[in-house]
Amino acid sequence: MNKGFDLTGQRVLITGAGGTLGGATARACAAMGGDLVLVDLKAPQALADELAAAGATVRAHALDSTDAAAVDALVAGLGTLDALADVAGIYAGGDWLAGGEGWDALLDRTMDVNVKGPVNLMRAVLPRMMKQGWGRIALTTSLAGRNAGTTLATEPAYVASKGALQALVRYFARQSAAHGVVVNAVAPGPINTPMTRASGQPFDFDRLPTRRFGEPAEIGWPMAFLCSQGCTYMTGVVIDVNGGQHFS
Ligand SMILES: NC(=O)c1ccc[n+]([C@@H]2O[C@H](COP(=O)([O-])OP(=O)(O)OC[C@H]3O[C@@H](n4cnc5c(N)ncnc54)[C@H](O)[C@@H]3O)[C@@H](O)[C@H]2O)c1
C-alpha cells in the first residue's frame with residue numbers, strides 16, 4: 001500500500017551525507033520523519049547533532065564506499081534497513097587528451113568512487129531488502145550521464161562514470177522489482193554547490209532554461225521522495241532535476 005510522502009519508522013542510510021547534496025537529502029529525510037544513518041569518509045557528526053537537536057533519530061559513521069568489506073560490515077550492523085540514498089561521488093578535472101598516468105589515475109579513481117562505490121552498496125543492501133520484501137533505493141547520477149554535461153568542459157571520466165551508473169539503475173531495478181524493492185535515481189543538473197563551483201566550468205546562465213543554478217534542497221526533496229513510502233509503482237527511473245536543461 002502507498003503510505004504517501006512519509007518516512008516515519010523507516011531507517012534510511014545516506015552516503016555522502018557530509019557533502020552538500022547528501023546533507024540536503026538528510027535534511028529532507030529528517031523532515032519526513034526518517035530514522036537516519038549518515039555516512040561519509042569522515043562521520044558527518046555535526047549534521048547528525050544538528051538534526052538530533054531538531055528531534056530526528058540519527059547516527060553518524062565513517063565509511064569509504066569503495067571499501068567493500070567496510071560497506072558489508074556497516075550494513076550488516078544496521079539491524080533493519082528500509083531505504084538507501086547513495087549520494088557520495090567525486091568530480092575531478094583532468095586533461096584526457098594528454099592522457100598519461102595522471103588522467104588514467106583520475107579515470108580509475110572516478111570509476112572506483114562513482115561506480116564501484118554504488119555497486120558495493122547495492123551488493124550489501126539489495127539481497128537483504130529483497131529478502132525482507134521491501135526497500136527503496138535512490139542513487140545519484142548526473143545530467144552529465146545523459147548528455148555529457150552542461151558545458152564542453154565537462155570531464156569525460158565523470159561523464160563515463162555517471163553514464164555507467166545510470167545504466168545500472170535499470171539493471172538493479174530489474175533484479176529487484178519482483179521482491180518489493182524499487183531502485184531509482186536523481187540526475188541533477190548544475191546545482192549551487194562547491195562541487196559545481198570547483199569544476200571550473202564556464203557556466204553561461206543564458207543557456208540554462210531557468211537562468212540559475214538549482215539549490216541543494218531542490219535535489220534533497222526528490223531524493224527523499226524516492227526513499228519514501230510514497231514511491232511504489234515506480235522503478236528503474238532516473239528523474240531529471242536540471243531546471244529543464246535537457247538538450248544543450
Ligand atoms: N553539485 C552538482 O551540481 C551535481 C550535479 C550532478 C550530480 N552531482 C552528484 O551529486 C552527488 C553529491 O554532490 P555534491 O555536490 O554534494 O558533492 P560533495 O563533494 O559536496 O559531496 C560528495 C560527498 O561524497 C563523499 N565521498 C567522496 N568519496 C567517497 C567515498 N569513497 N566514500 C564515501 N563518501 C565519499 C565526500 O566526502 C563528500 O562529502 C555526487 O554523486 C555528484 O556527482 C552533483
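Predicted model: local features only at pLDDT ≥ 70, side-chain atom pairs only at ≥ 80, totals over all residues.

1. Helix α1 (residues 20-31) packs on helix α8 (residues 217-227) at an angle of about 55 degrees, and their axes are 7 Å apart. With angles from 65 to 115 degrees counted as roughly perpendicular and those under 35 as roughly parallel, α1 and α8 are therefore oblique to each other, and their crossing is right-handed.

2. On the α1 side this contact is made by L21, A24, T25, A28, C29 and A31, which meet A217, I219, G220, W221, M223 and A224 of α8. Sorted by class, the contact of α1 with α8 comprises 10 nonpolar and 2 polar residues, with no charged residues.

3. L21, listed above in the contact with α8, is also among the closest of the 28 residues that surround the ligand, together with D40, Y158, T193 and T196. A backbone N or O atom of L21 lies 2.7 Å from an oxygen atom of the ligand, while for A88 a backbone N or O atom is found 3.4 Å from a ligand oxygen atom, and a polar backbone atom of G89 is 3.4 Å from an oxygen atom of the ligand.

4. Helix α4 (residues 100-132) and helix α6 (residues 156-176) pack at about 15 degrees with their axes 9 Å apart, which makes α4 roughly parallel to α6; the crossing is right-handed.

5. The residues of α4 in this contact include W103, L107, M111 and M122, and those of α6 include Y158, K162, L165 and F172. By class, the contact of α4 with α6 divides into 17 nonpolar, 5 polar and 1 charged. Y158, one of the α6 residues that meet α4, is also one of the closest residues to the ligand.

Technical notes. Residues numbered from 1 in each chain as written. Heavy atoms only, no water. Axes fitted to C-alpha atoms, helices over the stretch in contact; angles between N-to-C directions. Helix = DSSP H or I, 4+ residues; strand = E, 2+ residues; numbered from the N terminus. Parallel < 35°, antiparallel > 145°, perpendicular 65-115°, else oblique. Left-handed = near helix turned anticlockwise from the far one by under 90°. Contact = heavy atoms within 4.5 Å. Nonpolar A, V, L, I, M, F, W, Y, C, P; charged D, E, K, R; others polar. Near = heavy atom within 4 Å. Polar contact = N/O pair within 3.5 Å; in protein donor to acceptor, adjacent residues only side chain to side chain.
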